[in-house]
There are 2 protein chains.
Amino acid sequence: MSTEAQVPVESPTEANGRPKPTPELLQKMNAYWRAANYLTVGQIYLKDNPLLEHPLTLADIKPRLLGHWGTTTGLNFIYTHLNRLIVERDLDMIYIIGPGHGGPGIVAHTYLEGSYSESYPAIEQNKDGMKRLFRQFSWPYGIPSHVAPETPGSIHEGGELGYSVLHAYGAAFDNPNLIVACIVGDGEAETGPAATSWHSNKFLNPVRDGAVLPILHLNGYKIANPTVLARIPEEELLDLFRGYGYEPFTLTGNDPMTMHAEMAEVMDTIVDRIHAIQKAARVEGDTERPRWPMLILRTLKGWTGPKEVDGKPVEGTWRAHQVPLDGLAKNPEHVQLLEEWLKSYRHDELFDENGKFRAELADIAPKGRRRMGMNAHANGGLLWQPLKMPRFQDFAVEVPHPGSSLSEATRVLGKFLGEVMKCNLDSNNFRIFGPDETASNRIDDGYVVSGKTWLDKQLPVDVSLSPTGRYMEILSEHMCQGWLEGYLLTGRHGFFSCYEAFIHIIDSMVNQHAKWLKTTREITWRKPIASLNYLLTSHVWRQDHNGFSHQDPGFINHLVTKKSEIVRIYLAPDANCLLSIGDHCLRSRNYINLIIAGKQPAENWLTMEEAIKHCTAGLGKWEWASNDNGGDPDVVMACCGDVPTLETLAAVTNLREDYPDIKIRVVNVVDLMTLEPQSEHPHGIPDEDFNNLFTKNKPVIFAFHGYPMIVHQLTYRRTNHDNIHVRGYKEEGTTTTPFDMCVLNNIDRFQLAYDAIRRIPRFADQKDAAYQRYTEQIQRHKLYVSENGEDLPEVRDWKWTL
Amino acid sequence: MSTEAQVPVESPTEANGRPKPTPELLQKMNAYWRAANYLTVGQIYLKDNPLLEHPLTLADIKPRLLGHWGTTTGLNFIYTHLNRLIVERDLDMIYIIGPGHGGPGIVAHTYLEGSYSESYPAIEQNKDGMKRLFRQFSWPYGIPSHVAPETPGSIHEGGELGYSVLHAYGAAFDNPNLIVACIVGDGEAETGPAATSWHSNKFLNPVRDGAVLPILHLNGYKIANPTVLARIPEEELLDLFRGYGYEPFTLTGNDPMTMHAEMAEVMDTIVDRIHAIQKAARVEGDTERPRWPMLILRTLKGWTGPKEVDGKPVEGTWRAHQVPLDGLAKNPEHVQLLEEWLKSYRHDELFDENGKFRAELADIAPKGRRRMGMNAHANGGLLWQPLKMPRFQDFAVEVPHPGSSLSEATRVLGKFLGEVMKCNLDSNNFRIFGPDETASNRIDDGYVVSGKTWLDKQLPVDVSLSPTGRYMEILSEHMCQGWLEGYLLTGRHGFFSCYEAFIHIIDSMVNQHAKWLKTTREITWRKPIASLNYLLTSHVWRQDHNGFSHQDPGFINHLVTKKSEIVRIYLAPDANCLLSIGDHCLRSRNYINLIIAGKQPAENWLTMEEAIKHCTAGLGKWEWASNDNGGDPDVVMACCGDVPTLETLAAVTNLREDYPDIKIRVVNVVDLMTLEPQSEHPHGIPDEDFNNLFTKNKPVIFAFHGYPMIVHQLTYRRTNHDNIHVRGYKEEGTTTTPFDMCVLNNIDRFQLAYDAIRRIPRFADQKDAAYQRYTEQIQRHKLYVSENGEDLPEVRDWKWTL
């Protein structure tokens, strides 16, 4: 697939003689649509008798009826018309289905065009295959009811609503010759992410990117309510989409043949507009942000289905949402209605007696990779190419001795990312996403290589904005996440940096992506895609300036619930480790990689060589900070995360000064999942190694970046777990000093040192004195910061000296 | 505060002789604004010398400069103008600050109007008080940098962006005589929740509800980038807000006195419009959804601040976002610039030599409860009244024997909620929220009492829609959550039901609400508000029809990270328990109550009396299901959640049938936090009770609704924790049968029974046979469901018979 923008072939316009579709073609399209609708109803209801060769009986009907009828015929209608456009203009097109509940429709279409049988040979294009096609739908060990990873041509499940337009734009970026048709249901349109996603047009460059063809499909109802956009006055609706920067076209109707003719016409106009926009930008050098076309299509909910059931209107109402005819065992007349409904599609005109779709109809579909069910963009792993990676070691910071230099870890990573950007500029396959935080997060080094995407007006005071920028910034975590998902799912690479606390905004989106990845791993024809890489920074311990609302390390808790084959969690103790982690993540596939690292100047502990070794192991003893000399320590001081590491090492200094004969082992954890048993996570270290590192019976004082419970949760099956005492964030925070954040949450050096002493049996008699010293230290700290507004000089200037 | 809608006093309009503000008043307003701006800069920079009585030196300046200047003067400008409107028209008004980073501005204003000193007497209205006011800001143990719970007049932190308009509408519902001014920054406007929140106007009834006065404040930049809405063509912007259904007014400018005059004029027009709309609806009976006014205000970012620093433009750019002058210790000329900047406000004209705000200026502010810092709506606990509660026992289902009847638990609760609705109709203080799922979740019984709020067009086919409905439905979890928060924070009551998986959409919002509650508990003048009540249903175990995307029980994991004094988590085993829990939650205050319960027909286990006892204890042994007869059991079969309870009881039946001498104790957990040690959560039961219930050394087979790790996490400090074996959801699911969902996740009855046998030492020799039986049972299940598409009859028809 070329990422070089072509000049769209000038299609004949009506003015210069574009032929309208002939009545014959329209009739064939209607037949094609009827076939898809027939197969849809068949999937929802039938387990046998797929061609209605004998009168329908309960024995032919599934015992449990699961599926969503209401949205589906509209989706099928659109698919049929997209097929015509693809064939007529040789378009490269994929189809994002916002109302993913309409799964059977897309399965039907990919079956009709042959994609389905090529992906699943058992579902043959004959009567037996059709029976299996029907039966497998929503059937145990069959296929899901939604547009799912199992569905050819899909990159979007659509069960959770809100992200279709974002996925569509993500797919269109850097695919200049692709058109991404995107259906947004009027239910989905009410969600927050969908409501802002329309603004994606401000970030789509008509020269280098493809086009998105949004179709707002108003069928008027959700599960149980009318929809907002279907009921506001037409003029408001048009204003809204003009306001979003589109040129809205509208089409409303229910008579099939009229609708086919009008739909063909409006879709021709829309594709003409798209090509004209691309030509103006690519050939004529027009630099103004274009007003892309979009379609507002109004059809009946449950169009072509039962008009009335049990005396209540169904077609055109919310009652058509799921299964319009239910309780068939108790209502024999419903069996009759179902048969009439199925027969209304005149399936014998569509399929021959062997159940094969008639050739003259099959013939109007696109062929080969042009079929939307076979488009490689919807199986991104097929197009995936590794990034060209610079040597991350070249970006290493010098560390003559542990703690002897300071770096802003994310800035160091940012330089490396800038070089990654540079190396891959020609490939057009790498973008960096951030909700207005890239510079704040200090990974903006690559702005000089490629700026921030900006299509609208620029002012002289602006810097680094560019229509060809590859840093994507908008103040919406939803948009960053959705674009990135669409970009990855179509075979490219990306990196998302975010303030740690606010990544929760996309908790639900990452759930869906994790589910998608988990499922695709089991589908042989789906090829691995690039990992979803998060850098969380501006983290909980350094949100002393923004305060409590910006302090939340709980994304770790969220991710550990996901399948272990999907999730990787790294907490970088310093800059060189962060480089090693960053390089690893960008090379990986099919994972969700969570990287947590600070952006403030902080101690470098490890040389590049040491960092690589440490990150490869995932955790390890820091010999230079330990003095157990191969023997048993009195205490293991463990740490995970940059600030906890700093506090631990400061505590170790204090301890070794105050208790000269104390034996301390320092263990640092980079890869959090190493803590879990091997049986639970592939990165989990063997119990023996865990015992060797953390001992079987010595106290472990564990300073953790996040909520302490996570460490207990991961280690509760380890031998020594009763002796693991974890400090971490406990929801205490406000606007204060950095060190006071540690004190408020009892993860400060004084606390950790005291924790160690009180847990070491042979120091039992020194516990009280240690407590006394601890309270004095804390009091001194509190007095000083409340007096001076900044941390104690010995804390600010503390250096590792051992 | 009356919730009876008054006819707005007809204010004199320009046409009928409304006096424009006099030049003198405008001058005073400008002085008032300068005073707020002066106090803002003072808070960000100064720790001493508040009146600049001697030349500014580094000793007067805070060592760490934390705060956000850029948004603040705009906020201050608006506050000044709202004050004028309040005074002139005796308005009841509160102020929601989307850009909550502008904390010092609101602190300044509440200080000027006297609210601040009344709330915090140490911050007197004199020089000493001013010094303390300055020093405390962003100072350790002082006040946060944002508009926070500590800020008088606020119900909105604004640190996490996106929810201001939602909070504003939530506050306006059922407060017919209130105007909620709401500032939305152009950064916030890019977020998803904000983008859909504008549609809230379709749910605001001008007769019974108050008004929201949205001000989109375009200062052009975020932290580091221009904003989308500030750069799109004006016509697009106006179309957008017309499309959202508003009448947009605009005001742009930078010259203070011109801006004051124009702002006064446009605000007068807007309030006239609001009153005209209310009058039309309340007096003339106009039923058409009105086109409410809103203002688009363009001012410079960092308006009145330094124009240029170190040769780079600052005012009007993103560089004004935080602290425009930084590094003062290293840049003596910056100290000079700061002094000039402060002096540009001519503070000596504003404050007397004692630091007291001059009376002729103070005089133009509202008085008493009309001050926005003292409006009771912004301290909702002051207005809170308990709900009138029907006897929940009257809704009990009959349970002659455990498991002898079936109920849809949420439908039973729904009837009770409907009665709650009925009892409180006259109080106008209770609403039920749901993202188009209320009927699906089966709590729609109260539709007959009060319908679903709908202001737009209705069609004959619609049911239960009403402009006076109290069921709020829109397909946006963000909107439901935001409205509800605003409603609760202003002293009312609510209930939010949601599909379990999709509540993650508002993970981040609940974080912020939890933080707000935690903080308010420590503020004496803040009074407790009603709890935030969630009913999660359509839960993971019964999403066999929608499939994998709809299966996620992780909201529990999210909530347990919050402060234990805030969070309550209840899993109802049956309908009567759900009633008892629901009643309890609706009466509680200052909590976040999470209730999880099924909606499908399921066994009733407990009589009402038993249910009350069980729910009050939070967990307990079910004697009728146990046969350990006061002695030691072989195994404890524990369960939490309705489906796990069913599977456990089915397993118990099998076990007692297959192993007649087995001694089993059944423990059911309703209140999840009882599992945690008392030291960690107030609901945690004492260790001794835990030991008595779960034994000290017997195997515990624990069937849990959610991710198994949660149970380990909560119990890891309990004596017997090594013997607790938890089954729960492990991210295995698809569209299948209900029982197969259990099998896929190994929480089915066959697995639980086998788990018990293999863990009981005295059955060691029967382990292999048990495993054999288990695998046969699973095989039989798989064969049957794949053949028949529904569960084994003995599973479907299983009844508790012991």
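Which hand does the crossing of α1(B) and α10(B) have? The legends below start there. This is a predicted model, in which local features need pLDDT of at least 70, side-chain atom pairs count only at pLDDT 80 or more, and totals for chains, interfaces and linings use all residues. Residues are numbered from 1 along each chain as its sequence is written, chains are lettered from A and ligands numbered from 1 in the order in which they are written, and side-chain values use heavy atoms, leaving out hydrogens and water.

**View 1. Helices α1 and α10 of chain B cross in a right-handed way.** (A crossing is right-handed if the near helix is turned clockwise from the far one by less than a right angle, and left-handed if anticlockwise.) Helix α1 spans residues 23-45 and helix α10 residues 256-282, with axes 10 Å apart and an angle of about 110°. α1(B) is therefore roughly perpendicular to α10(B) (65 to 115 degrees). Helices here are DSSP runs (H or I, at least four residues), and axes are lines fitted to C-alpha atoms over the stretch in contact, with angles from 0 to 180 degrees between N-to-C directions.

**View 2. Here are the residues where α1(B) meets α10(B).** Look for B:Leu26, B:Gln27, B:Met29, B:Asn30 and B:Trp33 on α1(B), facing B:Pro256, B:Met257, B:His260, B:Ala261 and B:Ala264 on α10(B) (contact means heavy atoms within 4.5 Å).

**View 3. Domain 2 of chain A meets domain 3 of chain A.** Domain 2 covers 392-603 and domain 3 covers 619-797, with bounds from an automatic or database domain assignment. Their centres, taken over C-alpha atoms, are 28 Å apart. The contact draws 32 residues from domain 2 and 39 residues from domain 3.

How values were computed: Helices (H or I, at least four residues) and strands (E, at least two) are DSSP runs, numbered from the N terminus. Angles under 35 degrees count as roughly parallel, over 145 as roughly antiparallel, 65 to 115 as roughly perpendicular and the rest as oblique.
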